Amino acid sequence: MTEPGADLSRRTFLGALGTGAVAGLTGCVGGDEGSTGDGRADWPHPYFSPAGTGYNPRATGPASKPSESWGVEVNGIELARPVVFGETVYLATSERLRAFSVGDGTELWSVESDPQSGFRSSVTVDSERVYVGHVGTRTGVLAYTHDGEEAWHAPTESSVWAPVVRPEPDRDRLYASDTAGNLYRVRASDGTVEWREEVFGPVRSLAARYDTVVAGTEGGEVFSFRDEGIERGPTGEWRTKHPGGVQSLAVAQSNDVFAGFFGAGVARLRGGLRAGAVDWHREEPSPHGSVVVGPRRVFSTDGTGLDAFDKRTGSPSWAAGDDFFAPPAGAGDTIFVSDTSDDGGVVAYDAGGGVGLDDTRIGAERWRYELAGGALTGPTPAGDALFVLESGGDDGSRRLVALRAE
(Lines give C-alpha, C1' and ligand atoms only; values in the text may rest on other atoms or scores of the structure.)
Protein backbone atom coordinates (compact mmCIF):
# COMPACT_ATOMS: atom_id res chain seq x y z
CA MET A 1 0.00 0.00 0.00
CA THR A 2 1.41 3.36 -0.97
CA GLU A 3 1.70 5.54 2.09
CA PRO A 4 2.25 9.29 2.37
CA GLY A 5 5.73 10.22 3.47
CA ALA A 6 4.66 13.28 5.42
CA ASP A 7 2.82 13.64 8.71
CA LEU A 8 -0.85 12.77 8.77
CA SER A 9 -2.69 15.77 7.35
CA ARG A 10 -5.38 17.47 9.33
CA ARG A 11 -8.91 16.37 8.45
CA THR A 12 -10.05 19.90 7.81
CA PHE A 13 -7.25 20.47 5.32
CA LEU A 14 -8.08 17.28 3.47
CA GLY A 15 -11.72 18.19 3.49
CA ALA A 16 -10.94 21.54 1.89
CA LEU A 17 -8.98 19.83 -0.86
CA GLY A 18 -11.54 17.14 -1.63
CA THR A 19 -14.92 18.19 -0.34
CA GLY A 20 -16.80 16.73 -3.27
CA ALA A 21 -14.94 13.42 -3.20
CA VAL A 22 -15.26 12.82 0.51
CA ALA A 23 -18.70 14.28 1.09
CA GLY A 24 -20.42 10.92 0.84
CA LEU A 25 -20.91 7.68 -1.00
CA THR A 26 -24.27 8.56 -2.50
CA GLY A 27 -22.92 9.07 -6.01
CA CYS A 28 -19.33 8.66 -7.15
CA VAL A 29 -16.99 7.23 -4.51
CA GLY A 30 -13.77 8.52 -6.04
CA GLY A 31 -10.95 7.15 -8.15
CA ASP A 32 -9.32 3.72 -8.38
CA GLU A 33 -12.51 2.22 -9.73
CA GLY A 34 -12.20 -1.55 -9.62
CA SER A 35 -9.23 -1.37 -7.27
CA THR A 36 -8.86 -2.72 -3.78
CA GLY A 37 -6.06 -0.25 -3.14
CA ASP A 38 -5.17 3.27 -2.06
CA GLY A 39 -7.02 6.53 -2.20
CA ARG A 40 -10.56 5.21 -2.27
CA ALA A 41 -13.48 6.68 -0.35
CA ASP A 42 -14.88 3.22 0.41
CA TRP A 43 -13.47 0.19 2.27
CA PRO A 44 -13.57 -2.91 0.01
CA HIS A 45 -11.42 -5.27 2.10
CA PRO A 46 -11.69 -6.08 5.83
CA TYR A 47 -8.25 -4.44 6.23
CA PHE A 48 -8.98 -1.77 3.58
CA SER A 49 -6.41 -3.02 1.06
CA PRO A 50 -4.78 -6.36 0.14
CA ALA A 51 -1.65 -5.18 1.94
CA GLY A 52 -3.61 -5.46 5.19
CA THR A 53 -2.70 -2.07 6.68
CA GLY A 54 -6.21 -1.18 7.88
CA TYR A 55 -5.48 2.40 6.87
CA ASN A 56 -7.04 4.62 4.18
CA PRO A 57 -4.95 7.72 3.30
CA ARG A 58 -8.16 9.61 2.57
CA ALA A 59 -10.07 11.25 5.42
CA THR A 60 -13.33 9.30 5.53
CA GLY A 61 -15.95 8.68 8.21
CA PRO A 62 -17.71 11.28 10.40
CA ALA A 63 -15.51 14.29 11.20
CA SER A 64 -17.62 15.23 14.23
CA LYS A 65 -19.90 13.37 16.64
CA PRO A 66 -22.38 11.37 14.53
CA SER A 67 -25.95 10.22 14.92
CA GLU A 68 -27.56 7.09 13.57
CA SER A 69 -28.40 7.41 9.88
CA TRP A 70 -29.97 3.95 9.64
CA GLY A 71 -29.87 0.52 11.26
CA VAL A 72 -30.97 -2.94 10.12
CA GLU A 73 -31.30 -6.16 12.13
CA VAL A 74 -28.86 -8.97 11.36
CA ASN A 75 -28.75 -12.56 12.60
CA GLY A 76 -26.05 -15.19 12.89
CA ILE A 77 -22.55 -15.06 14.28
CA GLU A 78 -20.64 -12.04 13.01
CA LEU A 79 -17.40 -12.86 11.20
CA ALA A 80 -15.72 -9.47 10.94
CA ARG A 81 -16.37 -5.83 10.15
CA PRO A 82 -18.62 -4.90 7.22
CA VAL A 83 -16.96 -3.83 3.98
CA VAL A 84 -18.06 -1.13 1.55
CA PHE A 85 -17.64 -1.06 -2.22
CA GLY A 86 -19.15 1.84 -4.10
CA GLU A 87 -22.65 2.39 -2.80
CA THR A 88 -23.08 -1.05 -1.22
CA VAL A 89 -22.31 -2.38 2.26
CA TYR A 90 -21.54 -6.11 2.45
CA LEU A 91 -21.81 -8.20 5.59
CA ALA A 92 -21.21 -11.93 6.07
CA THR A 93 -22.46 -13.78 9.13
CA SER A 94 -22.22 -17.52 9.68
CA GLU A 95 -25.61 -17.95 8.02
CA ARG A 96 -25.99 -15.26 5.37
CA LEU A 97 -24.16 -12.98 2.97
CA ARG A 98 -26.05 -9.71 2.61
CA ALA A 99 -25.76 -6.49 0.63
CA PHE A 100 -27.27 -3.17 1.72
CA SER A 101 -27.57 0.29 0.25
CA VAL A 102 -25.03 2.72 1.71
CA GLY A 103 -27.56 5.55 1.56
CA ASP A 104 -30.51 4.13 3.50
CA GLY A 105 -29.77 0.52 4.49
CA THR A 106 -32.20 -1.07 2.03
CA GLU A 107 -31.32 -4.74 1.57
CA LEU A 108 -30.32 -5.24 -2.06
CA TRP A 109 -29.86 -9.00 -1.96
CA SER A 110 -29.13 -11.87 0.39
CA VAL A 111 -27.64 -15.37 0.05
CA GLU A 112 -28.36 -17.95 2.74
CA SER A 113 -26.10 -20.91 3.42
CA ASP A 114 -27.67 -24.37 3.58
CA PRO A 115 -28.12 -26.00 7.03
CA GLN A 116 -25.01 -28.17 6.71
CA SER A 117 -22.75 -25.31 5.66
CA GLY A 118 -21.74 -21.80 6.63
CA PHE A 119 -19.75 -18.74 5.67
CA ARG A 120 -16.42 -18.56 7.48
CA SER A 121 -14.49 -15.48 6.35
CA SER A 122 -15.30 -11.82 6.06
CA VAL A 123 -15.98 -10.37 2.63
CA THR A 124 -13.60 -9.02 -0.02
CA VAL A 125 -15.04 -7.04 -2.95
CA ASP A 126 -13.67 -5.76 -6.25
CA SER A 127 -15.26 -4.37 -9.40
CA GLU A 128 -16.11 -7.86 -10.66
CA ARG A 129 -16.99 -10.10 -7.72
CA VAL A 130 -17.80 -10.53 -4.04
CA TYR A 131 -15.58 -13.20 -2.41
CA VAL A 132 -16.19 -15.11 0.83
CA GLY A 133 -14.90 -18.25 2.54
CA HIS A 134 -17.29 -21.18 2.93
CA VAL A 135 -17.34 -24.58 4.67
CA GLY A 136 -19.67 -27.56 4.42
CA THR A 137 -21.12 -29.03 1.25
CA ARG A 138 -18.82 -26.80 -0.80
CA THR A 139 -15.78 -25.90 1.21
CA GLY A 140 -13.59 -23.20 -0.31
CA VAL A 141 -14.11 -19.75 -1.78
CA LEU A 142 -17.45 -18.66 -3.22
CA ALA A 143 -17.65 -15.75 -5.63
CA TYR A 144 -20.82 -13.78 -6.35
CA THR A 145 -21.70 -11.05 -8.80
CA HIS A 146 -22.68 -7.63 -7.48
CA ASP A 147 -26.29 -8.72 -7.98
CA GLY A 148 -25.91 -11.70 -5.65
CA GLU A 149 -25.70 -14.42 -8.31
CA GLU A 150 -23.15 -17.15 -7.68
CA ALA A 151 -20.27 -16.87 -10.16
CA TRP A 152 -18.02 -19.76 -9.16
CA HIS A 153 -16.70 -22.02 -6.40
CA ALA A 154 -12.99 -22.64 -5.83
CA PRO A 155 -12.52 -25.78 -3.68
CA THR A 156 -10.05 -25.90 -0.80
CA GLU A 157 -9.09 -28.75 1.52
CA SER A 158 -10.57 -27.11 4.60
CA SER A 159 -12.26 -23.99 5.91
CA VAL A 160 -11.17 -20.56 4.62
CA TRP A 161 -10.88 -18.22 7.62
CA ALA A 162 -8.54 -15.50 6.36
CA PRO A 163 -10.16 -13.04 3.92
CA VAL A 164 -9.48 -13.56 0.23
CA VAL A 165 -6.84 -11.19 -1.16
CA ARG A 166 -6.79 -9.77 -4.68
CA PRO A 167 -3.68 -7.58 -4.99
CA GLU A 168 -4.04 -6.27 -8.55
CA PRO A 169 -7.43 -5.80 -10.23
CA ASP A 170 -5.93 -5.78 -13.73
CA ARG A 171 -4.42 -9.27 -13.27
CA ASP A 172 -6.71 -12.29 -13.22
CA ARG A 173 -5.71 -13.79 -9.88
CA LEU A 174 -6.43 -13.79 -6.18
CA TYR A 175 -5.07 -15.60 -3.14
CA ALA A 176 -6.80 -17.71 -0.52
CA SER A 177 -5.71 -19.94 2.35
CA ASP A 178 -7.24 -22.60 4.57
CA THR A 179 -7.01 -24.10 8.03
CA ALA A 180 -5.28 -27.23 6.66
CA GLY A 181 -2.21 -25.08 5.98
CA ASN A 182 -2.56 -24.42 2.26
CA LEU A 183 -2.04 -21.27 0.21
CA TYR A 184 -3.87 -21.05 -3.13
CA ARG A 185 -3.65 -18.94 -6.24
CA VAL A 186 -7.10 -18.79 -7.86
CA ARG A 187 -8.10 -17.42 -11.25
CA ALA A 188 -10.42 -14.52 -10.41
CA SER A 189 -12.54 -14.84 -13.55
CA ASP A 190 -13.67 -18.46 -13.10
CA GLY A 191 -12.34 -19.86 -9.80
CA THR A 192 -9.74 -22.23 -11.26
CA VAL A 193 -7.07 -23.15 -8.70
CA GLU A 194 -3.79 -22.42 -10.48
CA TRP A 195 -1.39 -23.58 -7.78
CA ARG A 196 -1.36 -24.71 -4.15
CA GLU A 197 1.45 -24.40 -1.61
CA GLU A 198 1.62 -26.03 1.83
CA VAL A 199 2.64 -23.77 4.71
CA PHE A 200 2.32 -26.16 7.67
CA GLY A 201 -0.43 -25.05 10.01
CA PRO A 202 -3.84 -23.34 9.90
CA VAL A 203 -3.53 -19.99 8.12
CA ARG A 204 -5.18 -17.19 10.09
CA SER A 205 -3.94 -14.13 8.23
CA LEU A 206 -3.06 -13.35 4.63
CA ALA A 207 -1.74 -10.22 2.89
CA ALA A 208 -0.23 -9.40 -0.49
CA ARG A 209 1.55 -6.61 -2.30
CA TYR A 210 2.09 -7.09 -6.04
CA ASP A 211 3.86 -10.48 -6.38
CA THR A 212 4.65 -10.82 -2.66
CA VAL A 213 2.25 -12.99 -0.64
CA VAL A 214 2.57 -13.30 3.14
CA ALA A 215 0.76 -15.91 5.25
CA GLY A 216 0.60 -16.23 9.04
CA THR A 217 -0.33 -19.42 10.87
CA GLU A 218 -2.00 -20.34 14.13
CA GLY A 219 1.35 -21.75 15.27
CA GLY A 220 3.13 -18.38 14.98
CA GLU A 221 4.96 -18.86 11.69
CA VAL A 222 5.12 -16.14 9.04
CA PHE A 223 5.84 -17.16 5.43
CA SER A 224 6.74 -14.83 2.58
CA PHE A 225 6.46 -16.01 -1.03
CA ARG A 226 7.07 -14.53 -4.44
CA ASP A 227 4.53 -15.58 -7.05
CA GLU A 228 6.52 -16.71 -10.10
CA GLY A 229 3.44 -17.44 -12.23
CA ILE A 230 1.26 -20.42 -13.03
CA GLU A 231 4.05 -22.64 -14.35
CA ARG A 232 6.68 -22.00 -11.67
CA GLY A 233 4.35 -21.34 -8.76
CA PRO A 234 5.45 -19.62 -5.54
CA THR A 235 9.07 -19.26 -4.44
CA GLY A 236 9.72 -19.04 -0.70
CA GLU A 237 11.49 -15.81 0.24
CA TRP A 238 11.66 -16.27 4.00
CA ARG A 239 10.05 -18.04 6.94
CA THR A 240 10.20 -17.14 10.61
CA LYS A 241 8.73 -18.53 13.82
CA HIS A 242 7.37 -16.48 16.73
CA PRO A 243 5.61 -17.26 20.00
CA GLY A 244 1.85 -16.87 19.76
CA GLY A 245 -0.48 -17.37 16.82
CA VAL A 246 -0.47 -14.78 14.04
CA GLN A 247 -3.41 -12.39 14.47
CA SER A 248 -2.63 -9.91 11.71
CA LEU A 249 -0.25 -9.16 8.84
CA ALA A 250 0.41 -5.99 6.89
CA VAL A 251 2.91 -5.55 4.04
CA ALA A 252 4.57 -2.12 3.88
CA GLN A 253 5.87 -0.30 0.82
CA SER A 254 9.37 -1.61 1.52
CA ASN A 255 7.98 -5.19 1.74
CA ASP A 256 8.64 -5.13 5.47
CA VAL A 257 5.89 -7.01 7.30
CA PHE A 258 4.09 -5.85 10.43
CA ALA A 259 2.77 -8.85 12.35
CA GLY A 260 0.57 -9.10 15.42
CA PHE A 261 0.71 -12.24 17.59
CA PHE A 262 -1.73 -13.68 20.12
CA GLY A 263 -0.19 -13.05 23.53
CA ALA A 264 3.13 -12.02 21.99
CA GLY A 265 2.80 -8.41 20.85
CA VAL A 266 3.61 -6.73 17.55
CA ALA A 267 6.74 -6.99 15.42
CA ARG A 268 8.23 -5.41 12.31
CA LEU A 269 9.90 -8.05 10.12
CA ARG A 270 12.38 -6.93 7.50
CA GLY A 271 12.04 -7.49 3.75
CA GLY A 272 14.83 -7.13 1.22
CA LEU A 273 18.32 -8.36 2.08
CA ARG A 274 17.47 -8.94 5.75
CA ALA A 275 14.32 -10.85 4.89
CA GLY A 276 12.45 -12.08 7.94
CA ALA A 277 14.79 -10.51 10.49
CA VAL A 278 13.11 -8.78 13.42
CA ASP A 279 13.55 -5.03 13.12
CA TRP A 280 11.64 -4.40 16.34
CA HIS A 281 9.31 -6.34 18.60
CA ARG A 282 6.95 -5.00 21.26
CA GLU A 283 6.11 -8.01 23.44
CA GLU A 284 3.02 -6.29 24.82
CA PRO A 285 0.32 -5.31 24.37
CA SER A 286 -0.91 -8.04 22.03
CA PRO A 287 -3.47 -7.20 19.35
CA HIS A 288 -6.99 -8.56 19.18
CA GLY A 289 -7.37 -8.92 15.43
CA SER A 290 -5.71 -6.66 12.89
CA VAL A 291 -3.50 -3.63 13.46
CA VAL A 292 -3.47 -0.28 11.67
CA VAL A 293 -0.24 0.66 9.89
CA GLY A 294 -0.28 4.38 9.10
CA PRO A 295 2.39 6.69 7.69
CA ARG A 296 4.15 7.16 11.05
CA ARG A 297 2.50 4.92 13.62
CA VAL A 298 1.19 1.43 14.19
CA PHE A 299 -2.03 1.10 16.21
CA SER A 300 -3.14 -1.96 18.13
CA THR A 301 -6.03 -2.87 20.45
CA ASP A 302 -5.58 -5.50 23.16
CA GLY A 303 -8.87 -5.51 25.09
CA THR A 304 -7.76 -2.88 27.58
CA GLY A 305 -7.04 0.03 25.28
CA LEU A 306 -5.57 1.48 22.10
CA ASP A 307 -1.79 1.66 21.79
CA ALA A 308 0.22 3.65 19.26
CA PHE A 309 3.82 2.76 18.37
CA ASP A 310 6.39 4.56 16.29
CA LYS A 311 6.42 2.77 12.96
CA ARG A 312 10.20 3.05 12.49
CA THR A 313 11.43 2.15 15.98
CA GLY A 314 8.48 0.45 17.70
CA SER A 315 8.71 2.78 20.68
CA PRO A 316 5.41 3.68 22.39
CA SER A 317 3.84 6.96 21.20
CA TRP A 318 0.61 7.20 23.16
CA ALA A 319 -2.23 5.11 24.59
CA ALA A 320 -5.93 5.41 25.42
CA GLY A 321 -7.84 3.04 27.69
CA ASP A 322 -11.16 1.24 27.15
CA ASP A 323 -12.53 -2.24 26.34
CA PHE A 324 -11.22 -2.25 22.79
CA PHE A 325 -11.29 -5.90 21.75
CA ALA A 326 -12.24 -5.29 18.11
CA PRO A 327 -9.58 -4.18 15.59
CA PRO A 328 -9.24 -0.44 14.84
CA ALA A 329 -9.48 1.35 11.49
CA GLY A 330 -7.51 4.36 10.26
CA ALA A 331 -8.60 7.04 7.80
CA GLY A 332 -6.62 10.24 7.16
CA ASP A 333 -5.63 11.58 10.57
CA THR A 334 -8.28 9.67 12.55
CA ILE A 335 -8.27 6.28 14.26
CA PHE A 336 -11.71 4.72 14.82
CA VAL A 337 -12.09 2.11 17.57
CA SER A 338 -15.01 -0.02 18.75
CA ASP A 339 -15.72 -0.35 22.48
CA THR A 340 -17.11 -3.84 23.00
CA SER A 341 -18.21 -3.40 26.63
CA ASP A 342 -21.94 -3.51 27.50
CA ASP A 343 -22.20 0.28 27.53
CA GLY A 344 -19.62 0.86 24.80
CA GLY A 345 -19.79 2.25 21.30
CA VAL A 346 -17.43 3.83 18.79
CA VAL A 347 -14.64 6.29 19.56
CA ALA A 348 -12.71 8.53 17.14
CA TYR A 349 -9.17 9.57 18.08
CA ASP A 350 -6.71 12.03 16.61
CA ALA A 351 -3.96 9.78 15.24
CA GLY A 352 -1.37 12.12 16.73
CA GLY A 353 -2.68 11.40 20.22
CA GLY A 354 -3.24 15.00 21.29
CA VAL A 355 -1.09 16.24 24.16
CA GLY A 356 -0.17 14.30 27.28
CA LEU A 357 1.60 11.24 28.68
CA ASP A 358 0.64 7.58 28.04
CA ASP A 359 -3.16 7.25 28.46
CA THR A 360 -3.57 10.69 30.05
CA ARG A 361 -4.25 12.81 26.99
CA ILE A 362 -5.80 16.15 26.08
CA GLY A 363 -7.32 16.46 22.64
CA ALA A 364 -6.84 12.83 21.66
CA GLU A 365 -10.52 11.89 21.69
CA ARG A 366 -12.54 13.61 18.99
CA TRP A 367 -15.93 12.10 19.63
CA ARG A 368 -17.67 9.11 21.20
CA TYR A 369 -20.97 7.50 20.19
CA GLU A 370 -22.74 4.97 22.43
CA LEU A 371 -24.28 1.81 21.00
CA ALA A 372 -26.95 -0.34 22.65
CA GLY A 373 -24.98 -3.16 24.25
CA GLY A 374 -21.70 -2.04 22.70
CA ALA A 375 -20.03 -2.93 19.40
CA LEU A 376 -19.48 -6.42 18.00
CA THR A 377 -16.99 -5.65 15.24
CA GLY A 378 -14.34 -3.15 14.32
CA PRO A 379 -15.68 0.00 12.61
CA THR A 380 -15.63 0.67 8.87
CA PRO A 381 -15.11 4.31 7.75
CA ALA A 382 -16.33 4.99 4.22
CA GLY A 383 -17.36 8.26 2.58
CA ASP A 384 -19.05 10.42 5.22
CA ALA A 385 -20.23 7.40 7.25
CA LEU A 386 -19.03 4.83 9.75
CA PHE A 387 -20.49 1.31 9.73
CA VAL A 388 -20.43 -1.04 12.73
CA LEU A 389 -22.34 -3.98 14.22
CA GLU A 390 -24.26 -3.21 17.41
CA SER A 391 -24.95 -6.01 19.89
CA GLY A 392 -28.29 -4.67 21.14
CA GLY A 393 -27.63 -5.80 24.70
CA ASP A 394 -29.63 -8.46 26.54
CA ASP A 395 -33.01 -7.45 25.14
CA GLY A 396 -32.14 -5.89 21.81
CA SER A 397 -31.31 -7.24 18.36
CA ARG A 398 -27.99 -7.25 16.61
CA ARG A 399 -27.94 -4.47 14.05
CA LEU A 400 -25.77 -3.12 11.28
CA VAL A 401 -25.64 0.62 11.98
CA ALA A 402 -24.61 3.53 9.77
CA LEU A 403 -23.43 6.67 11.61
CA ARG A 404 -23.09 10.11 10.02
CA ALA A 405 -22.10 13.49 11.44
CA GLU A 406 -24.97 15.50 12.91
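**Entry 1: W70 and F387**

I began with W70 and F387 and found both buried, a word I use for under 20% relative accessible area, with exposed kept for over 50% and partly exposed for what lies in between (1.4 Å probe, protein chains only). I note here that the model is predicted, that local features need pLDDT of at least 70 and side-chain atom pairs pLDDT 80 or more, whereas totals for chains, interfaces and linings use all residues. Residues are numbered from 1 along each chain as its sequence is written, and side-chain values use heavy atoms, with hydrogens and water left out.

I then looked up aromatic pairs, for which rings of Phe, Tyr and Trp (its six-membered ring) must have centres within 6.5 Å, with planes under 30 degrees apart called stacked, over 60 edge-to-face and the rest tilted. The count by this rule is 13 aromatic pairs. For W70 and F387 the ring centres are 6.0 Å apart and the planes stand at 50°, so this pair is tilted. The two residues are 317 residues apart, W70 in strand β2 (residues 66-73) and F387 in strand β34 (residues 385-390), and their pair thus links distant parts of the chain. Strands here are DSSP runs of E with at least two residues, and helices are runs of H or I with at least four, numbered from the N terminus.

**Entry 2: W318 and Y349**

How are the rings of W318 and Y349 placed, with what distance between centres and what angle between planes? Their centres lie 5.9 Å apart and their planes make 55°, so I record the pair as tilted. W318 belongs to strand β26 (residues 316-321) and Y349 to strand β29 (residues 345-350), 31 residues apart. W318 counts as buried at 4% relative accessibility, and Y349 is buried as well, at 3%. Ring pairs also join these two residues with F299 and F324 in a cluster.

I followed β26 into its sheet, taking two strands as paired if DSSP finds at least two bridges between them. The sheet is open and antiparallel, with 4 strands in the order β23-β24-β25-β26. Its edges are β23 (292-293) and β26, each with a single partner strand, so one side of each is left without a neighbour in the sheet. Strand β25 (residues 305-310) is joined to β26 by 5 bridges, and F309 stands opposite P316 of β26.

β29 lies in another open sheet, of 5 strands in the order β1-β27-β28-β29-β32, where the pairing is mixed. Strand β28 (residues 334-338) runs antiparallel to β29 and is joined to it by 5 bridges, with T334 having D350 as its bridge partner.

Is strand β4 largely enclosed or largely open? I found 5 of its 5 residues buried, so β4 is largely enclosed by the rest of the structure. In a regular strand the side chains alternate between the two faces of the sheet. In β4, T88, Y90 and A92 point one way, while V89 and L91 point the other way.

β4 has antiparallel partners in strand β3 (residues 83-85), through 3 bridges, and in strand β5 (residues 96-101), through 5 bridges. F85 stands opposite T88, and V89 has F100 of β5 as its bridge partner. The hairpin of β3 and β4 has 2 residues between the strands, and G86 takes a positive phi near 60° there, while the hairpin from β4 to β5 passes through 3 residues.

**Entry 3: the largest pocket**

Which residues lie nearest the centre of the largest pocket? They are Y47, L79, A80, Q247 and G289, out of 25 lining residues. β15 (203-209) and β19 (246-251) each supply at least two residues of this lining.

Terms used:
On a 1 Å grid over the protein atoms alone, a cavity is a set of points where a 1.4 Å probe fits but cannot get out, and a pocket is an open set with protein on both sides within 12 Å along at least five of seven lines; lining residues have an atom within 4 Å of a point.
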